[in-house]
Amino acid sequence: MIRMVLGLGLALLVPCAGAQDAVATDGDKYKVVLENPCVRVLDYRDQPGERTHQHHHPAFVLYALGPLSAR
């Protein structure tokens, strides 16, 4: 039973293994505003033409306070 639970836990982590946290990859652009067990709020600021490194966001909602164009 323990092996099955451990195997399931590792299987769930594999898809995120290569993905990194946005604050870790681009700390100059992302700042943590609020973080608790239920929610994490990030502030993102950049200049036109700037790029970010590949990173991962778990389920998220985006609220833009200005013009935004992203891929």
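This is a predicted model: local features need pLDDT of at least 70, side-chain atom pairs count only at pLDDT 80 or more; totals for chains, interfaces and linings use all residues.
D28 pairs with K29 in a salt bridge whose closest N and O atoms are 3.2 Å apart. K29 itself is buried, since its relative accessibility of 9% falls under 20%.

Side chains of opposite charge can pair when their charged atoms come close. A search of the whole structure turns up four salt bridges. In one of them, R40 meets D21, with 2.6 Å between the closest N and O atoms. This pair ties together distant parts of the chain, 19 residues apart: R40 sits in strand β2, and D21 in the loop between α1 and α2. Both partners are partly exposed, R40 at 34% relative accessibility and D21 at 29%.

Now turn to the nonpolar side of the surface. V33, L34, V39 and V41 make a nonpolar patch of about 300 Å². Among them, L34 belongs to strand β1 and is partly exposed, with a relative accessible area of 42%.

Finally, look into the largest pocket, which has a volume of about 1600 Å³. Its lining comprises 37 residues, with Y30, Y44, H57, L62 and L68 nearest the centre. Strand β2 (residues 40–44) contributes the most, giving five residues. By type, the lining splits into 19 nonpolar, ten polar and eight charged residues.

Terms used. Residues are numbered from 1 along each chain as its sequence is written. Side-chain values use heavy atoms; hydrogens and water are left out. On a 1 Å grid over the protein atoms alone, a cavity is a set of points where a 1.4 Å probe fits but cannot get out, and a pocket is an open set with protein on both sides within 12 Å along at least five of seven lines; lining residues have an atom within 4 Å of a point. Grid points are joined across faces, edges and corners, and a volume is the space filled by probe spheres set on the points. Helices (H or I, at least four residues) and strands (E, at least two) are DSSP runs, numbered from the N terminus. Ala, Val, Leu, Ile, Met, Phe, Trp, Tyr, Cys and Pro count as nonpolar, Asp, Glu, Lys and Arg as charged, and the others, Gly among them, as polar. Patches are made of residues with over 30% relative accessible area and no salt bridge: like charges are joined within 9 Å, nonpolar side chains (Val, Leu, Ile, Met, Phe, Trp, Tyr) within 5 Å. Accessible areas come from the Shrake-Rupley method with a 1.4 Å probe; for residues, only the protein chains shown count as cover. A salt bridge is a side-chain nitrogen of Lys or Arg within 4 Å of a carboxyl oxygen of Asp or Glu. Buried means under 20% relative accessible area, exposed over 50%, partly exposed in between (1.4 Å probe, protein chains only).
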